[in-house]
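Here are some notes to read alongside the model. Please keep the viewer open and follow them point by point.

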Amino acid sequence: MDGEARRARFGPREAPTTALLTDQYELTMLRSALQAGTAERHSVFELFGRRLPDGRRYGVVAGVGRALRALRQFRFDDESLTFLTENDVVDDRTATWLAGFAFRGQVWGYPEGEIYFPGSPLLVVEGTFAECCVLETLLLSIYNHDSAIASAASRMTLAADGRPCVEMGSRRTHELAAVAAARAAYVAGFDATSNLEAGRRYGVPTTGTAAHSFTLLHRDEREAFTAQLAALGEGTTLLVDTYDVENAVRTGVELTGGRLGAVRLDSGDLSVLAVRVRGLLDSLGATSTRIVVTSDLDENAIASLSGAPVDSYGVGTALVTGSGHPTSGFVYKLVARADSDDPDAPLVAVAKKSQDKVSVGGRKWALRRIDANGVAEAEEIGVGEPPVDDGNDRALLVPLVVDGEIVGEEPLAAARARHAAARAELPIEARKLSKGEAVIPTRWSGAAAPVVNPYAPEGDRA
């Protein structure tokens, strides 16, 4: 049964409302705006990152589908409103407004799996100030987490160079973050997860066999392996480093007549062990038995194993913590607003000028500039007007919500395929794991475009 059929059969068992997954100041701003009479003022908000995580050459957009699901559930029910009023977070007027809340605006965004760079307008949210304002924390919490995981996962699958990667970090993070992490990793090229809720909820393929405790439960490895093979078949993966690796490999091959599916190495010098185990398996006639390695892998460790006879990788802690960058640093800023409360009033660009926290005002459009060889050469962002497509470029913003109706949901497989295509489009330097700047520059166009790029590295702002 594929992921879509699974979802249709079981459905997401999520919280009845996501409205309180937010910061209090979203609602106190709403309360103040309602009192001041500015709550219905036409506004445009933008979700973006000023820079990539230190040393990264590109980022990956993830969490789009989760954000749309969360938006569908963003309703203030009686329990939520009782909590808010009893704790004086909102007054009666604000509570009445929240009781009838439904987002009726427009949202454009980079589709899931797409690549992003400093300044990329990942989401453009347009509507009244009130309805856009209250979504800030919900959108940022999902995008910051999922994009951080996907960005790390993409580096790992690049380093794996076609060898399968399995996400197995559930025991190293919050129980619900683990589900989101498995989904984000799948978008960025991981083949499976050990997390069953990610399989049920999102249709991510699941896998798993046994831990050291299963071996220790039995008198010896022969008894443990016999039990596992009887239950899971000869295609299973045996964990062979509980006691002595060579003896365990010999036992596994003997019990299966050389037809053992795989062995897993979870400790020691994995490169040296993999060479030794591959030689032993081949000498025993188990030439089709695969070698799976785990043990605190990250993209650099995976890259260091590129010359070893390893067939697949299991990654846990480094993946679910963003491999050193557990958040993407995204912000959500008002970039344009009507100059009066008149529904037909023109929009005025607004921007933050704080030191080290500047933003570029104005409604944005974006495209990926592609050269004659099909390689990405720049992130082109138009301020106030779309940048000009020279004939082979890709528009990056797609409609996600139209007049309050969610239109941007898609199968997870589409995001996965999109990521593979977008990453393949990048210059070869994107494959480097060493620290560096964004692999392509962000460029601005339009009458309201900044003269100096505020998101460029120091000394390179032009």
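1. Phe-48 stands opposite Val-331 in strand E12. That pair belongs to a join of 7 bridges between strand E1 (residues 42-49) and E12 (residues 330-338), and the two run antiparallel. Strands pair here if DSSP finds at least two bridges between them. Helices (H or I, at least four residues) and strands (E, at least two) are DSSP runs, numbered from the N terminus.

2. Before going on, a word on the source: this is a predicted model, in which local features need pLDDT of at least 70 and side-chain atom pairs count only at pLDDT 80 or more, while totals for chains, interfaces and linings use all residues. Residues are numbered from 1 along each chain as its sequence is written, and side-chain values use heavy atoms, with hydrogens and water left out.

3. E12 also has a link to strand E13 (residues 347-349), through 3 bridges and again antiparallel.

4. The protein has 16 helices and 19 strands. Its radius of gyration is 25 Å, close to the 23 Å that the globule rule gives for 462 residues, so the protein is as compact as a globular protein of that length. The radius is taken over C-alpha atoms, and the rule is 2.2 Å times the number of residues to the power 0.38. Along the principal axes, the C-alpha trace spans about 80 × 55 × 35 Å.

5. Buried residues account for 53% of the 462; buried means under 20% relative accessible area, with a 1.4 Å probe and protein chains only. Of the contacts (heavy atoms within 4.5 Å) between residues at least 6 apart in sequence, 74% join residues at least 24 apart.

6. Next, have a look at the open sheet, where 6 strands follow the order E7-E6-E11-E10-E9-E8 with parallel pairing. Strand E7 (192-193) and E8 are at the edges with a single partner strand each, so one side of each is left without a neighbour in the sheet. Further in, strand E6 (residues 165-167) and strand E11 (residues 312-315) pair in the parallel sense over 3 bridges, and Cys-165 has Tyr-313 in E11 as its bridge partner.

7. Which strand holds Arg-264? Arg-264 lies in E9 and is buried, with a relative accessible area of 14%. Its side chain reaches the backbone oxygen of Ala-210 at 3.2 Å, a polar contact (a pair of N or O atoms within 3.5 Å; within protein, one must be able to donate a hydrogen and the other to accept it, and residues adjacent in sequence count only if both atoms are side-chain atoms). Not counting residues up to four places away in sequence, Arg-264 touches residues including Met-168, Leu-239, Asp-241 and Thr-294.

8. Helix H12 (residues 245-256) reaches 17 Å from its first C-alpha to its last, close to the 16 Å expected at 1.5 Å a residue; the expected span is 1.5 Å times one less than the number of residues. Asp-244 caps the N-terminal end, with a side-chain oxygen 3.3 Å from the backbone nitrogen of Glu-246. Among the buried residues of H12 are Val-245, Val-249 and Val-253, and their cover includes helix H11 (221-232) and helix H13 (270-283). Gly-257, which follows H12, has a positive phi near 60 degrees.

9. Finally, Ala-181 in helix H8 (residues 175-187) is buried, with a relative accessible area of 0%. Not counting residues up to four places away in sequence, Ala-181 touches His-145, Ile-149 and Val-320.

Definitions and conventions: Buried means under 20% relative accessible area, exposed over 50%, partly exposed in between (1.4 Å probe, protein chains only).
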